[in-house]
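Me: I'd like to learn how to read helices and sheets in a model like this one. Could you walk me through a few cases?

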Amino acid sequence: MQASGMMRLRSVAARIPNHSRAVHSSLPAGGWAQPTVEDTSTHDPREVFLAGMRHHHTANTAYPIAHGTTVKPYRVRRTRDQKEIRETLIGAYGGLKEMMLYVHVPFCAQRCQFCEYTVVDPKHGRRDEVQDRYFKALFGEFDLYRNMLDTPSKRLVGFDIGGGTPSMASTDNIARTMDKAAECFEMDLKSFEVSIETTPKIAASEPEKIRAYYDMGIRRISMGVQTTDFSLAKRLGREDGDYLLKARENIRNAGFESFNIDLMYGFPSREGGKDKWGETVQNTIDVIDPDHITLYRMRYKGTKMAHLQERIGLTQVNQQGALAAKLLDDNGYKGWIGKNTYSRTPGSSGCSDYLEKRVVQGIPYLGMGLGAQSFSQSSLAYNLGGVTKRLEQYLKSVELGRVPIQDLYHLSHSGAMGKFCSVSFYFGGISLSAFEANFGIPLSVAFPDKMSFALDEGLMERTADGDRLQLTAKGKSHYSGVLALFYAPHVQQHLLEMPGGELGVMDALSSGTTSKRPYVGVPVSRYEYKPGKRDPRPTLSGDWATPVSASRKRDPRPELIGDWALAESAPQDALPTVSI
Ligand code: SF4
């Protein structure tokens, strides 16, 4: 089974229109965890589909959607010597010849209201001495993995430096990160593109930094723009148009030929105001003229705007998504149905190697840095700091020689399949050969009734080469329902039992309307923490996993009604970059 899976994966890799042809993989040496009873149950495909539709703000690629409940039974016990954590990681990564790396830089000039990522308080994080301490610990984390997994024997096939805003870090710290990766892994920069993220202001005002990235061998750059609604920007005292043009010029002058812009939709529209989303997409094409454009649907969970989720119906989101897809296609940016990234570079997916290989092939990766996520075919991990956004636990853990993981899950077979499939939907569908190579069975055997439902209802179809199960146009407008079909049973159970959501979503979709209060229920934080319950995990000196109720503090800023964007007090450089 394994050998035939490898053969099939070779053939799919040959068809991936991008860069190096990395071949992976093997089934995890450490195997999968025993499933719970909930994880072996089956749920009616239509019911799951409807639950996914109803909860369209929740049923997305951020699997397993409720860490505090769904995957909790698979959490690896933490002990002072981290024996079980180490054994699980060695079982998951030890046998790999190829893998990928994500380095998280959790510093930003400001905390954007729509941000769901791990960013330390900017007041603290922008200080040089804080950043230097952070990078020292980051390199310590590299060393811990080098010793545990013999990483120099593993070839890197993808490497992203994300955040946060990596370009907030000094050039020297980014150069040291590149050197550390080369020291700790087999890394050939000719075989794949390293990607980094920046913001318009930094790219515009620090051209020497952008040039230095290119000189270090980084070949892809992604800039968070999100909106070009300049009238709004002007009202807020911003001159973003100036930043964008200069940023573009500096990025091109540095030599970058793989330049991505992130845009974001799904914000509440202003009462009676015109939706500027179409203008944002067209302006981005006309003014910035990037090689790739990535569209993100706003995810409210865990952001400062979570309470505004109730105002966003699926009809609005679908209309905005469809408008963007049409404008991009008309202007030569191509992408599969349901895929987030569109590219005008022939043969390119527009994504970094790291993202493409993670999404299409499921190549395991280690995420290093504060709150970073790691995933292999049998494990899922989140580093310290994902909840608290504070550095101390992370720094201290590395200092003590402990792997700075907050939660490690040894996944069941179905849990790992669910994670792989969810992430696959970044590209709007699932590679059948990669699925089989990773899990030892075909998708049609793992999800027989769910796959039949998706095909019979015209939500998905096999691509011409037979290798992918891809969303149709109908499936794209029912994205969350289709995606939920491929969740693991215990995650589907959670979704089925969730109250609220957009109750009349199917009627609203068929009539092209949306109700006044389209969605019921404010989401809890992305990475749940239930205060008041005693954490059953042992208390460890040098380990502070239980967060202070930082995320529960009331945001002192006024609630933004009728305006999704930036608070009046937001700093000038608040245009973000978004990592995924
Ligand atoms: S959206 Fe981007 S720039 Fe804004 S706080 Fe989050 S990571 Fe930083």
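Reply: Gladly! Let's begin with burial: a residue counts as buried if 20 or more other C-beta atoms lie within 10 Å of its own. Keep in mind that this is a predicted model.

Me: Which residues of helix α21 are buried?

Reply: In α21, which spans residues 489-497, the buried ones are P489, H490, V491, Q492, H494 and L495.

Me: What do the buried residues of α21 pack against?

Reply: Their partners are three helices: α2 (45-54), α15 (413-424) and α20 (479-484).

Me: Now a pair of helices. How do I read the angle between the axes of α11 and α12?

Reply: Angles under 35 degrees count as roughly parallel. Here the axes of α11 (residues 277-288) and α12 (residues 314-330) cross at roughly 25° and come within 10 Å, so the two helices are roughly parallel to each other. The crossing of α11 past α12 is right-handed.

Me: Which residues make that contact between α11 and α12?

Reply: From α11 come W277, G278, V281 and Q282, and they meet Q320, L323, A324, L327 and L328 of α12. By kind, the residues of this contact are 6 nonpolar and 3 polar, with no charged ones.

Me: On to strands. What should I keep in mind about their side chains?

Reply: In a regular strand the side chains alternate between the two faces of the sheet. For a case, take β11 (residues 405-410), where 6 of 6 residues are buried. β11 pairs with β10 (residues 379-383) in the antiparallel sense over 5 bridges, and L380 stands opposite Y409 of β11.

Me: In what order do the strands of the sheet with β12, β13 and β14 come?

Reply: The order is β12-β14-β13, in an open sheet with antiparallel pairing. β12 (429-431) and β13 (460-462) each have a single partner strand, so one side of each is left without a neighbour in the sheet. On average, neighbouring strands here are turned by 20° against each other, direction ignored.

Me: How many bridges join β12 to β14?

Reply: There are 3 bridges between β12 and the antiparallel β14 (residues 468-471).

Methods
Residues are numbered from 1 along each chain as its sequence is written. This is a predicted model: local features need pLDDT of at least 70, side-chain atom pairs count only at pLDDT 80 or more; totals for chains, interfaces and linings use all residues. A residue is buried if 20 or more other C-beta atoms lie within 10 Å of its own, exposed if 12 or fewer, and partly exposed in between; C-beta atoms are placed from the backbone. Helices (H or I, at least four residues) and strands (E, at least two) are DSSP runs, numbered from the N terminus. Two strands pair if DSSP finds at least two bridges between them. Two residues are in contact if their C-beta atoms, placed from the backbone, lie within 7 Å. Axes are lines fitted to C-alpha atoms, for helices over the stretch in contact, and angles run from 0 to 180 degrees between N-to-C directions. Angles under 35 degrees count as roughly parallel, over 145 as roughly antiparallel, 65 to 115 as roughly perpendicular and the rest as oblique. A crossing is left-handed if the near helix is turned anticlockwise from the far one by less than a right angle, and right-handed if clockwise. Ala, Val, Leu, Ile, Met, Phe, Trp, Tyr, Cys and Pro count as nonpolar, Asp, Glu, Lys and Arg as charged, and the others, Gly among them, as polar.
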